[in-house]
Amino acid sequence: MIKSGAFKRIIAGVALSSAVGLSALLGGCATGRDGVNGKDLNIYDLYEAAKVESGNPDLTMDEFLKQYLSYSPADLEQITSLKACINKSLMACVSVVSWIKKSRPNGYQLSKSSGSGIIIDIDRESGDMIVLTNCHVVHSPDEDVMGDHYSDDISVWLYGYECGNYKVNDKNAIGAQLIAASITYDAALLKVTGSEIVKASKAEKANWRALEENYVGETVYAIGNANGETMSATVGYITKDLEEISVNVGTDEKPDVRSHPAVRTSAPINPGNSGGGLFNADGELVGLVSASSKTYSDRGYAITAASTKRIVNKMLSAYSGENTRGVSILNHGIKFTVTDSYSTGLNAQGVAEIREEVSVSEVALNSSALLSLRIGDVIKRIKVIRNGATVDEVEVMRKHNIDDIMLSVTANDRVEFRIMRGSSEFSVQVTFNKNEFKSAD
């Protein structure tokens, strides 16, 4: 591991010896479709290395630039400009088109669905990548669909490789396999293997937001294949940090309404944006774009990154070469309720944070938590322990923190609840067995 001082000297030396300006350093790799020039310095690589070197995964880009490069406010404004972040995010998103066969009297007809996707893992050397999108982009609830209602004919296009027609035989179309999907969480994973286009590209993966919370007033932008007209960006604000939205994933004749924790944004969301990313001004993924309001033109919604990233991790851990439908979720038998809510006022960043006191209101008789938790216990912190190591941990600031972290739990994990019972604060541990899990289709 590079020591802090050495790390600073390395970065400073590179910056001083480089003949390019800050904007070129930010842009990183030289151009060239053959990928040969992809070894140039990229400041985002240094940023990721700094987070590892410092042991601080929550290190922000501003803190990195100030601490390691001593940039002035003017420099910071230039290098962290919204334009630079948006363009970086474009390289981490794709257009998605799926075709589903619908039965007709004389055979079948191909029905086309256009959406968007986010690259969450990529290996340009091998040409492999994993793309996150909405389940409804690759699934149809219509009764006349042939097969299992999921598309087996999916293509994705990297930014800049779109020709605007999205034909099946487009030379820039990259074939993708559906490897996991959940209607309940409106999430699906696509796998690309050995693509020469990916190998030659400058595509990169998106980074999840490090924090669990979003805040009203944050600048955000949506990246996606709006109206099926190739990728574009729209800019707005978070207008509500968290709300429950209901979406009909069925048909008008047979509704199937599912609920999701979502961020509300004023960034325009159009048909085709589904499955794309909602990013903050630091270029972090804060949500999976999923819906727009039919009533209000200035309301778009993205399923929170806090819940989606945990569903994605669970899907990836369950994938072993065979397509999976649904995701295994803990049915813990505990009901939690908000017993108090207040604002802490403005913090050092000028954000009016909300705090909720969340208490246990019921524990089912068949729950493994029956002997550990009592009605009235206030939940302060939760830790998920697997094979002796902590794999997830949150301070419970809001009720959704509990809902989100419970998505991480797998069979035989130990879950440590830090609780306040009366005037005493202490920890209890619960191990949930495999019979307490269910499949969320």
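## Basis of the model

This is a predicted model, in which local features need pLDDT of at least 70 and side-chain atom pairs count only at pLDDT 80 or more, while totals for chains, interfaces and linings use all residues. Residues are numbered from 1 along each chain as its sequence is written, and side-chain values use heavy atoms, with hydrogens and water left out.

Strands are DSSP runs of E with at least two residues, numbered from the N terminus. Strand β5 covers residues 174-182, and seven of its nine residues are buried, where buried means under 20% relative accessible area with a 1.4 Å probe and protein chains only.

Two strands pair if DSSP finds at least two bridges between them. Strand β4 (residues 153-158) runs antiparallel to β5 over three bridges, with Ser155 opposite Gly175 of β5. On strand β6 (residues 187-192), five bridges link it to β5, again in the antiparallel sense, and Gln177 stands opposite Lys191 of β6. Four residues separate β5 and β6 in a hairpin, and Asp186 in the turn has a positive phi of about 50 degrees. The pairing of β5 with strand β14 (residues 324-325) is parallel and has two bridges, Thr324 of β14 being the bridge partner of Ala180.

## Cysteines

Taking a disulfide as a pair of cysteine sulfur atoms within 2.5 Å, the count is zero. Cys85 is buried, because its relative accessibility is 5%, and Cys135 is likewise buried, at 1%.

How values were computed: Buried < 20%, exposed > 50% of the residue type's maximum accessible area, 1.4 Å probe, protein only.
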